[in-house]
Amino acid sequence: MRWIAIACLFAVFLLPRLAHAANDTSVIRDWKVQWIPEQAVSEAVPSSTRPWIESGADRPFTVLPEGMRGMWVRFTVPPTSGWQRPGLLVDRLYGLDLSVYEDNKLLYDSKRDFIFDLNKLLVPIDQYAVPKEIYVRILSSTERVGFISSVHIGNFEALSKRFLLKDMPDLLLGTSIVLLSLMMLLCSGFLHRTQRSSWISLCLIALTMGTIIIAYSPLPYLYFRPFGKFLLLLFDLSLFIMVPAINYYVDQVFEGQFRLFTKFRHWQAGYCLLCMICLIVYLAAGNRFYSVYYVLTTAILGAFILVQLVFIILLSVLYAKKGNKNAVLLSCGIIFLALMGTVDLILYFLTGKRYVLYLWKFGIIGMMMTLVLILARRISADYGKLLNYSKELELYN
């Protein structure tokens, strides 16, 4: 009933406001782009010789061609005299350095010294009675650049609310999971030594998953730009810790009956340790070996994580056939996470890498729920064994 009441309050109070804000904006779905060669990154105006390519929200260009460093985006803004304080919003785009120009006048300039290309753009613009052309220069050192969502023109205050509300659920979810894991970690001191290892591994899984959700959102990098490198460091470290922590917890659920999985767990933990060493070398070298670091910690590790998920699913199914309910719960959680991740990856590649991954967050929530249920069942089973042993001892005496 509590959740139903919250949903009703959300529908009654918040949705009408969002709908009113959305109706009070003008949406631009078509624009033109011009590629920027690597030797022309200092251009303050687009080239008059290079061609403009038709693009838009339904056919965006996001893959950076070889020899290019970025792109110019040109679109026409309708008259803005109807708004007291007009603004421009792009919910999702790829790029590191952003510059917005109106009639050769610089309206906005943002530069990043860290490699996180998922970005947002919110800029106040002037009032004018006739349409104006806006130019946005986007530079990036990654393989992705460009708009992946429509351009919204409207009241700056309403756009600011949309700017925050779109990514606020991710921050709330990640922060809640992190706080829950810290509370669980504090409670671990009251557990028995045999239960503490599984409890701490579950705390590490929750802590790292929450940190990954927070660090994947673009909002922290916009509001806490000086800490951008630190957020990326937390993201990588959380990934390197989460992978062996999940393996350890699963091995505890299986009670170490599968020696092949135990060896795989040790081997993958060693590779994650190697990734941590690569991270230290990468940071000490001043981000000069990004391509090598990307292959080791993203491409190869991603393949190993896929093998890990398949391995856990197969062993869970084998263990569940023996009638173990914990294995059934674990299988459901891992399969749900794998399904959400697979759908995310399929949509990501089908859309030419324009799709922003988000279904994996629901998979993480589902898997966390199953892991908590498994741990609760194990603690309850241990308590039941203790009661039975006490009764047997009393009868014996």
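This is a predicted model: local features need pLDDT of at least 70, side-chain atom pairs count only at pLDDT 80 or more; totals for chains, interfaces and linings use all residues.

Biologist: In what order do the strands of the open sheet follow one another, and which are its edge strands?

Modeller: The order of the six strands is β3-β2-β4-β9-β6-β7, with antiparallel pairing. The edges are β3 (53-56) and β7 (105-110), because each pairs on one side only.

Biologist: Why is β11 described as largely enclosed?

Modeller: Buried means under 20% relative accessible area, exposed over 50% and partly exposed in between, with a 1.4 Å probe and protein chains only. Four of the five residues of β11 (residues 151-155) are buried, so the rest of the structure largely encloses this strand. Strand β1 (residues 26-28) is joined to β11 by three bridges, and β5 (residues 86-94) by five; both pairings are antiparallel. I153 stands opposite S26 and is also the bridge partner of L88.

Biologist: Why is the pair W31 and F147 called what it is?

Modeller: Rings of Phe, Tyr and Trp (its six-membered ring) pair if their centres lie within 6.5 Å; planes under 30 degrees apart count as stacked, over 60 as edge-to-face and the rest as tilted. By this rule there are 16 aromatic pairs. For W31 and F147 the centres are 5.4 Å apart and the planes are at 70 degrees, so the pair is edge-to-face. W31 lies in β2 and F147 in β10 (residues 146-147), 116 residues apart. Both residues are buried.

Biologist: And what are the distance and angle of the rings of F116 and Y221?

Modeller: Their centres are 4.0 Å apart and their planes are at 15 degrees, so this pair is stacked. F116 lies in the loop between β7 and β8 (118-124) and Y221 in helix α5 (residues 219-223), so the pair ties together parts 105 residues apart in sequence. F116 is buried with a relative accessible area of 11%, and Y221 is buried with 0%.

Biologist: How do you know that R74 lies over the face of W52?

Modeller: The rule asks for NZ of Lys or CZ of Arg within 6 Å of the ring centre and within 35 degrees of the ring normal. R74 is at 4.5 Å from the ring centre of W52, and K120 lies over the face of F163 at 4.9 Å. W52 also belongs to a cluster that ring pairs form with W72, Y101 and Y135.

Biologist: Does D251 count as buried or exposed, and what joins its side chain to that of T262?

Modeller: D251, in helix α6 (residues 228-253), has 5% relative accessibility and therefore counts as buried. A polar contact of 3.1 Å joins the two side chains; the term requires N or O atoms within 3.5 Å and, within protein, one able to donate a hydrogen and the other to accept it, while residues adjacent in sequence count only if both atoms are side-chain atoms.

Key. Residues are numbered from 1 along each chain as its sequence is written. Side-chain values use heavy atoms; hydrogens and water are left out. Two strands pair if DSSP finds at least two bridges between them. Helices (H or I, at least four residues) and strands (E, at least two) are DSSP runs, numbered from the N terminus.
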